[in-house]
Amino acid sequence: MTRKLQYAIPNEYSSRRVLDFLKHLGFSHRLITKLKQTPDGILLNGEHIRTIDPMSEGDVLEINLPTDKKESISIPVEMPLDIIYEDDDILVLNKPAMLAVHESHNHLGDTLSNAVAFHLKKEGKPSVFRAVGRLDKGTSGLMVCALNRYAASRLSGKIKKQYLAIATGIYEGEGTIDAPIYRPNPILTVRTVDERGEKAITHWTALKNDGENTLLRVKLETGRTHQIRVHFASLGTPLVGDTMYGTPDGRISHQALHCCECQFIHPVKNEEMHFFCDMPDDMKKIIE
C-alpha cells in the first residue's frame, strides 16, 4: 500500500519551484531523490512534474511515498500489542519492559519489531519497523513508530519524552545531572560517566520516597544510550532492579524505568500530539 499525500499550493509558493515547497514540508534531500526516481512519485494536478518546475496557487501537489523493497523487514509474529494510537503515518504503543525492540543474535522472532510487522501486515500496511527513538529492554512505556519514510524523517529528534524512574536513594526537590557519558569498550553496551564521553544532561524532579527509594520524574535534554541509568548510578543511586549498573532486586525483574509521556507535532497533520501511559504495576508496588 502506497501512502499518498496531497497539498494545495498556497499563494506564497505561487511561481516557486516544486523543490522549494517540498523542502518547506520537511522532505529530505534523500527522499526527494527517491521520489524523483519513483513512477508517479511527484504529481501536480495529476500529471508528472519535475522538481525544478514552478507551481501556481491552488495547484494540487500529490506525493506517493515509495516502499523500499530492500528495507529490512522483520518476520511477522503474532504477539499482543498495547496500541495507544494509530493512523496512516504513526503508531504509538506501550512497550512491555521485558520485550526487546529489535532482533539480534539473542532475540529472533520475539521482539517488538516482529509484533509490529505482524500487526501492519494484518492491517494491509507495509511491514517495515521504524522506531523513532527506542527503549532499552527492561524499560517500559511509550514508543513511537513511523509508518513511512517521510514520517520517520519529520519525527527524528523531535519527540519530547518524560520518564518515571525509581532510584535507590533519597532525593528531594529537583535537580540536573550534567555529566558526559562514555563507552569504554565498543564491544559491550555498558556506559559510564567519563570526561572522554559525549555531553549528557538529565533533569529530575522528586515525586515521593519510601525512606529508601525515590520515585522521580525525569526529562532528558540529550538522548544518550542508557543515559538515565548511567547518570543515577554515577551518583551512587542506581535504579531499582538495574542489574547492569546496580544490583538485582527481588521485587522487580528489570530496571525501574518507564516512559510515561511523549509529545510531538504530527508529521503530516501538523497537529500537536500528547500521550500518557500509567506506570506498570511492578513499579507501583515498590514505591506505593
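This is a predicted model: local features need pLDDT of at least 70, side-chain atom pairs count only at pLDDT 80 or more; totals for chains, interfaces and linings use all residues.
Residues are numbered from 1 along each chain as its sequence is written, and side-chain values use heavy atoms, with hydrogens and water left out.

Glu 62 sits in strand 4; helices (H or I, at least four residues) and strands (E, at least two) are DSSP runs, numbered from the N terminus. What does the side chain of Glu 62 make a polar contact with? The partner is the side chain of Asn 64, at 3.1 Å. A polar contact is a pair of N or O atoms within 3.5 Å; within protein, one must be able to donate a hydrogen and the other to accept it, and residues adjacent in sequence count only if both atoms are side-chain atoms. Leaving aside residues up to four places away in sequence, Glu 62 touches Lys 4, Leu 5, Gln 6, Gly 41, Ile 42 and Leu 43, where contact means heavy atoms within 4.5 Å.

Strand 2 and strand 4 run antiparallel and are joined by 3 bridges, and Ile 42 stands opposite Ile 63 in strand 4.

Which residues of helix 2 (residues 29-36) are buried? They are Leu 31, Ile 32 and Leu 35. Seen down the helix axis, the buried residues of helix 2 fall within an arc of 100°, so they line one face; the arc is that of the directions from the axis to the C-beta atoms. The face turned away from that buried side carries the exposed residues His 29, Arg 30 and Lys 36. The cover over the buried residues of helix 2 includes helix 1 (18-24), strand 2 (42-44), strand 4 (60-65) and helix 4 (149-155).

Next, the cores. A nonpolar core is a set of buried Ala, Val, Leu, Ile, Met, Phe, Trp, Tyr and Cys residues joined through side-chain atoms within 4.5 Å. The largest has 41 residues, of which Trp 204, Leu 216, Val 218, Ile 228, Phe 232 and Phe 264 touch the most other members. Strand 7 (residues 140-146) gives the most to this core, with 5 residues. Apart from it lies another core, of 21 residues, among them Leu 5, Leu 25, Ile 42 and Leu 61.

Phe 232 leads us to helix 5 (residues 227-234), where 6 of the 8 residues are buried, including Phe 232 itself. After helix 5 comes Gly 236, with a positive phi near 80°. Finally, strand 12 (residues 201-209) pairs antiparallel with strand 9 (residues 174-178) over 5 bridges, and 7 bridges join strand 12 to strand 13 (residues 214-220), again antiparallel.

Conventions
Buried means under 20% relative accessible area, exposed over 50%, partly exposed in between (1.4 Å probe, protein chains only). Two strands pair if DSSP finds at least two bridges between them.
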